[in-house]
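Biologist: I am new to this structure and should like to understand the terms used for it. Please show it to me first.

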Amino acid sequence: MTINDTQDQIIGEFALLDGDMEMTVFYMMELGQKLPEMKVADKSELNEVKGCQSKVWMTAHLENNGVYFQADSNTAITKGLVSMLVRIFNGQRPEDILNADLYFMKKIGMERFIGTQRSNGFGAMIKQIKIYALAFQTQLAAN
């Protein structure tokens, strides 16, 4: 699936909630619970996403020219947010990640249920994902 296919899928899922704030927040937390467990050793300061109010850890590796992410957070809603990003970007090529137009946040009305602090943290998560993608793109070009 492409980045846009996954975004459209997420938009469809949130559309079913019909803008119900309580259900949206609950669904967001449910998404976070589906994230694969991250190794305790990976929840280190080295892997911490800077700029998030909550603690967010992220790692990435390159496999068959696709970038695969692992992430976790110490808060349920933030874990849900990062889980959507992992879902969108997992297995995608570095160049596709770098060129991605993320539109799902606006379409699901994310600004309604996350405050400014979380919004800044979400931006920091996206930035970290793009930093990983740039590093892997550079690595692929060198080989």
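Biologist: Which helices do the buried residues of helix 1 pack against?

Modeller: They pack against helix 2 (21–33), helix 3 (76–89), helix 4 (94–98), helix 5 (104–107) and helix 6 (110–113). Contact means heavy atoms within 4.5 Å; helices are DSSP runs (H or I, at least four residues), numbered from the N terminus. This is a predicted model, in which local features need pLDDT of at least 70 and side-chain atom pairs count only at pLDDT 80 or more, while totals for chains, interfaces and linings use all residues. Residues are numbered from 1 along each chain as its sequence is written, and side-chain values use heavy atoms, leaving out hydrogens and water.

Biologist: Why is serine 83 called buried?

Modeller: Its relative accessible area is 8%, and buried means under 20%, exposed over 50% and partly exposed in between (1.4 Å probe, protein chains only); serine 83 is therefore buried. This residue lies in helix 3. Apart from neighbours within four places in sequence, serine 83 is in contact with Leu31, Gly32 and Leu35.

Biologist: Which residues of helix 1 are buried?

Modeller: Ile3, Thr6, Gln7, Ile10, Ile11 and Phe14 are buried. Seen down the axis of helix 1, the buried residues fall within an arc of 140° (taken from the directions from the helix axis to the C-beta atoms), so they line one face of the helix.

Biologist: What span should helix 1 have?

Modeller: The expected span is 1.5 Å times one less than the number of residues. For the 13 residues of helix 1 (residues 3–15) this gives 18 Å, and the end C-alpha atoms are 18 Å apart, which agrees.

Methods. Helices (H or I, at least four residues) and strands (E, at least two) are DSSP runs, numbered from the N terminus.
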